[in-house]
Amino acid sequence: QAEFSDVLKDMTFLGVVGIHDPLREGVKEAVLACQKAGVFVRMVTGDNIQTAKAIAEECGIYTEGGVAMEGPEFRKLKRKEMDQIIPKLQVLARSSPDDKRILVKRLKELGETVAVTGDGTNDAPALKMADVGFSMGIAGTEVAKEASAIILMDDNFSSIVKALMWGRAVNDAVKKFLQFQLTVNITAVTLAFVSAVASSDETSVLTAVQLLWVNLIMDTLAALALATDPPTLSILDRKPDPKS
């Protein structure tokens, strides 16, 4: 057994060295964009709670009024207490893979749509359980990639914002195309029916072949025009569409 009292005397203090792991470029802006789009960003990490809070505060995840707690404390909570804390929970530190899975499960049971990011094998259960799992293409393990729905090829959180934008753009394109189809088809059918009824010899103003041509042009050009719109930043200025 070492006797430090024999060694630690007549010493001179030279200084303190600290190691800082800086945030990646664009992460703070990406978190802000997610929050603006109605996405509640949470940090679940195995790090010490002080480290986790400092990093979460730096990138805008941990804010005033939010809750930060440790995994062992979280998993001891009863279901009712957990349901009260989860809506305000922003940082979960010293967490085990099971804590992440429990959090995802409870959020889904509360009716939320959950996306999870992870890179390790131990993240696989949470990635699999989430509605959308994002794994890392560079640092991620094969198990994490298999369990996820989307692989981020650059390992960057800001790519999640791009995925969010494209998801909304595709959803909007489908909506616009359906609205267009309903409008033009009702118009074409009404025109053919009314003109046939009003005609003395009961013939439509549009023949079958003409109707097919109209339909072909409408479908093809509308699909190209409405389904190729790239997403714009303004697409993040609204809340997510409800599941219904």
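Student: Which residues have the most contacts inside the largest nonpolar core?
Tutor: This is a predicted model, where local features need pLDDT of at least 70, side-chain atom pairs count only at pLDDT 80 or more, and totals for chains, interfaces and linings use all residues. Residues are numbered from 1 along each chain as its sequence is written, and side-chain values use heavy atoms, with hydrogens and water left out. A nonpolar core is a set of Ala, Val, Leu, Ile, Met, Phe, Trp, Tyr and Cys residues joined through side-chain atoms within 4.5 Å, each of them buried (under 20% relative accessible area; over 50% is exposed, in between partly exposed; 1.4 Å probe, protein chains only). The largest such core has 21 residues, and those with the most contacts inside it are Ala 56, Ile 61, Val 161 and Leu 236.

Student: Nice! Which element gives the most to this core?
Tutor: Helices (H or I, at least four residues) and strands (E, at least two) are DSSP runs, numbered from the N terminus. Those giving two or more residues to the core are helix 2 (27-36), helix 3, strand 3 and helix 9 (158-198). With five residues, the top contributor is helix 2.

Student: In what order do the three strands of the open sheet stand?
Tutor: Two strands pair if DSSP finds at least two bridges between them. Strand 2 and strand 3 (residues 89-93) pair in the parallel sense over four bridges. Strand 1 (43-44) and strand 2 (67-70) each have a single partner strand, so they stand at the edges. The order is therefore 1-3-2.

Student: How far apart are the end C-alpha atoms of helix 6?
Tutor: The expected span is 1.5 Å times one less than the number of residues. For the 13 residues of helix 6 (residues 97-109), that should be 18 Å. The model agrees, because the end C-alpha atoms are apart by 19 Å.

Student: And what arc do the buried residues of helix 6 cover around the axis?
Tutor: The buried residues here are Asp 99, Lys 100, Leu 103, Val 104, Arg 106 and Leu 107. Taking the directions from the helix axis to the C-beta atoms, these residues lie on the same side of helix 6, because they cover an arc of only 165 degrees.
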